[in-house]
Structure formats: C-alpha cells, structure tokens
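Biologist: I'd like a close look at a single part of this model, and then whatever surrounds it. Take your time with the answer.

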Amino acid sequence: MKKYLIVFLISMVPLIELRGAIPYAVGFSLPLVPSYIVAVIGNMLPVPFIFLFARRLLEWGKDKKYIGGFFSWCLEKGEKGGRKLEAKASHGLYIALLLFVGIPLPGTGAWTGTLAASLLNLSFKKSIVAVMAGVVLAGVIMLLASLGVFGAISLAK
C-alpha cells in the first residue's frame with residue numbers, strides 16, 4: 001500500500017506527474033492496472049483546483065518579495081503554453097490541449113495544460129475533459145515506454 005501512495009504522490013508533483021509515477025510503479029513491479037489508475041487519479045486530483053485558483057494565486061504573488069520570481073515564472077510558463085496551443089489549433093483548441101497534456105514531453109502535462117487553459121479563459125468543463133483525456137493518453141504512453149514496448153518496436157525494424 002505504501003508504494004501505491006508513493007505512486008499517487010509522485011503523480012501529483014508538477015513537471016514530474018505520470019512521467020515519474022508510472023516508471024516508479026513498473027520499476028517496483030507493482031501491478032500495472034491498479035498503478036495506472038492510482039497515477040491517473042493522482043495526476044487529475046489537482047487539476048480543478050489549478051484551473052479555478054492557480055491564476056488568482058499566481059497573480060497575487062507575482063510581486064511578492066520571496067515568491068514573486070517563482071510565481072512570475074509559473075505565469076510565464078502557463079502563458080507560453082497557452083500561446084502555443086492557440087497558435088497551433090485555433091478551432092481545435094481542446095484537441096490541442098489534449099495532445100499538449102497527452103504527449104509526455106518536458107514542460108507539458110496536466111499542470112501546465114490546465115494553467116494554460118485557465119489563463120486563456122477556456123471552458124472549465126471542456127478543459128477538464130481534454131486534460132483528463134490527455135492524462136489517460138500520457139499514462140498509456142508512459143506505461144508502454146516503461147515496459148520497453150517502444151524499444152522492442154525499434155529492434156523489430
């Protein structure tokens with residue numbers, strides 16, 4: 001049970017999220033399906049709070065003495081992600097959000113995608129659905145990568 005709690009907590013950490021939680025679970029030979037579910041739930045738990053409160057908190061703290069630099073960095077990161085989403089897919093913005101969250105690259109993920117959606121004033125419900133689908137996709141990709149499926153495919157060529 002302790003290792004599942006660690007998977008859950010790792011999946012909640014910004015920038016690490018599923019990219020760290022699922023390889024941890026695979027590395028410790030935890031059962032795949034429960035680990036995947038725990039990681040997805042852990043990654044999604046902060047999402048509504050990020051959407052509803054992060055922007056307000058970051059804007060409040062951006063000019064504070066000790067936290068201002070970090071808060072400004074977070075705002076810039078979210079705005080940059082938002083601009084990328086808007087530039088790549090004006091009509092398919094929610095599909096772009098899904099892919100932004102779902103392709104597990106550094107700087108992408110549920111935290112950044114949700115912050116970007118909040119900064120762009122996107123629909124709460126549509127954003128949560130897109131981020132959830134992206135988290136599920138990222139989880140599948142990380143699970144396959146952790147199991148060595150992509151390496152096996154490249155060896156088969």
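Biologist: Which helix does S118 lie in?

Modeller: S118 lies in helix α7 (helices are DSSP runs of H or I, at least four residues, and are numbered from the N terminus). Before going on: this is a predicted model, where local features need pLDDT of at least 70, side-chain atom pairs count only at pLDDT 80 or more, and totals for chains, interfaces and linings use all residues. Residues are numbered from 1 along each chain as its sequence is written, and side-chain values use heavy atoms, leaving out hydrogens and water.

Back to S118, which is buried, with a relative accessible area of 6% (buried is under 20%, exposed over 50%, partly exposed in between, with a 1.4 Å probe and protein chains only). If you skip residues up to four places away in sequence, S118 touches F51 and R55 (contact is heavy atoms within 4.5 Å).

Helix α7 also has a neighbour in α5: the buried residues of α5 pack against α4 (47-61), α6 (93-102) and α7 (110-119). Helix α5 runs over residues 68-88, 21 residues in all, and reaches 30 Å from first C-alpha to last, close to the 30 Å expected at 1.5 Å a residue (that is 1.5 Å times one less than the number of residues). Its buried set is G68, F71, C74, L75, G78, G81, G82 and L85. They cover an arc of only 165 degrees around the axis, so they sit on the same side of α5 (the arc is that of the directions from the helix axis to the C-beta atoms). On the other side of α5, you'll find G69, R83, A87 and K88 exposed.

Now for the cores (sets of buried Ala, Val, Leu, Ile, Met, Phe, Trp, Tyr and Cys residues joined through side-chain atoms within 4.5 Å). The largest nonpolar core has 32 residues, and I22, V131 and V135 have the most contacts inside it. Helix α7 is among the elements giving two or more residues to this core, along with α2 (17-27), α3 (32-44), α4, α6 and α8 (124-146). The biggest giver is α8, with seven residues. Apart from that core lies another, of eight residues, including I50, L58, L115 and L119.

As for V135, its contacts are L18, V40, N43, M44, V101 and A110, again not counting residues up to four places away in sequence.
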